[in-house]
Amino acid sequence: MEIVNILVAPIGAVDLDALGAISRALRETYHCETVAGESLTVPHEAYSARREQYHSTKLLAMLEARKPDTCDLLLGVIDEDLYVPELNFVFGEADPVAGVAVIGLPRLRQEYYGLDPDRELFLLRAAKEAIHETGHTCGLGHCSDHRCIMHFSNSLRDTDVKGPRFCARCRTKLAAGPS
Ligand SMILES: [Zn+2]
Ligand SMILES: [Zn+2]
């Protein structure tokens, strides 16, 4: 599909620099417009007190309900740790049918792992995760090329190894649209 515009909406309080870096990366990668959305309320029903994480699929449902007809895709950005029941955590999740995606920021910071803060690295990681989840909303699956942005990030190391760009195969698929 051809994306004309992506609404980038913070869910709760989100670092403005991260939102800026994400929007810029999406414009450059997808040659589209981005619209800065108003902050959405963090939905408490998506929170698991036992896991102390937010269920990303429930966040996608909330985003779908809030998605305006005027945007092609809605990317929600939350500064909370995300999970799906089968995994310990996820960096993000996407629903290609609804055209919505969400990414969580905490695990993209060096501080999360007890390391010294690295602002540039954090912003780059946020941009990469946004490009990756948006790729899913465009119908791309995971790619076996570990340097391709569509490679699955099992850990932050995978995110750091892959570049912010598509491999040739994914680029071709993206241009061709969903099969
Ligand atoms: Zn993925
Ligand atoms: Zn690829």
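Two strands count as paired when DSSP finds at least two bridges between them. Keep that rule at hand for the exercises below, which work through a predicted model.

**Exercise 1. Find what stands opposite Asn5 in β2, and say how β1 and β2 pair.**

Solution. Start with the residue itself: Asn5 stands opposite Glu33 in β2. Next, widen the view to the two strands. β1 and β2 are joined by four bridges and pair in the parallel sense. The cut-off is at least two bridges, so these strands qualify as a pair.

**Exercise 2. Work out the strand order of the five-stranded sheet and name its edge strands.**

Solution. Reading across the open sheet, the order is β2-β1-β5-β8-β7, with mixed pairing. The edges are β2 (33–36) and β7 (92–95), each of which pairs on one side only. On average, neighbouring strands here are turned by 20° against each other, direction ignored.

Leu75 has Ala101 as its bridge partner in β8, while the β8 partner of Val77 is Ile103.

**Exercise 3. Decide how well covered β1 and β5 are.**

Solution. Take the counts first. In β1, six of its seven residues are buried; in β5, six of its six residues are. Then sort β5 by face. In a regular strand, side chains alternate between the two faces of the sheet. Leu73, Leu75 and Val77 lie on one side of β5, with Leu74, Gly76 and Ile78 on the other, and all of them are buried. Finally, look for a helix lying across the sheet: α2 (residues 56–66) lies across β1 (5–11), β5, β7 and β8, running at about 135° to β8.

**Exercise 4. Describe the three-stranded sheet and its relation to α2.**

Solution. This open sheet has the order β3-β4-β6 and mixed pairing. β3 (47–48) and β6 (82–83) each have a single partner strand, so one side of each is left without a neighbour in the sheet. Two bridges join β4 (residues 53–55) to β6 in a parallel arrangement, and Tyr54 has Leu82 as its bridge partner in β6. Helix α2 lies across β4 and β6, at about 55° to β4.

**Exercise 5. Characterise the packing of α1 and α3.**

Solution. Begin with the geometry: α1 (residues 16–30) and α3 (residues 119–137) pack at an angle of about 45°, with their axes 8 Å apart. The two helices are therefore oblique to each other. Their crossing is right-handed. The residues of this contact divide into 11 nonpolar, two polar and one charged. Among those in α1 are Ala21, Ile22 and Ala25, and α3 contributes residues including Leu123, Ala127 and Ile131.

**Exercise 6. Is Lys128 buried or exposed?**

Solution. Then count around its C-beta atom. With 23 other C-beta atoms within 10 Å, Lys128 is buried, because the cut-off is 20 or more. Now look for its contacts. Setting aside neighbours within four places in sequence, Lys128 is in contact with Ile149, Thr159, Lys162 and Pro164.

Definitions and conventions. Residues numbered from 1 in each chain as written. Chains lettered and ligands numbered in written order. Predicted model: local features only at pLDDT ≥ 70, side-chain atom pairs only at ≥ 80, totals over all residues. Axes fitted to C-alpha atoms, helices over the stretch in contact; angles between N-to-C directions. Contact = placed C-beta atoms within 7 Å. Parallel < 35°, antiparallel > 145°, perpendicular 65-115°, else oblique. Left-handed = near helix turned anticlockwise from the far one by under 90°. Nonpolar A, V, L, I, M, F, W, Y, C, P; charged D, E, K, R; others polar. Buried ≥ 20, exposed ≤ 12 C-beta atoms within 10 Å, placed from the backbone.
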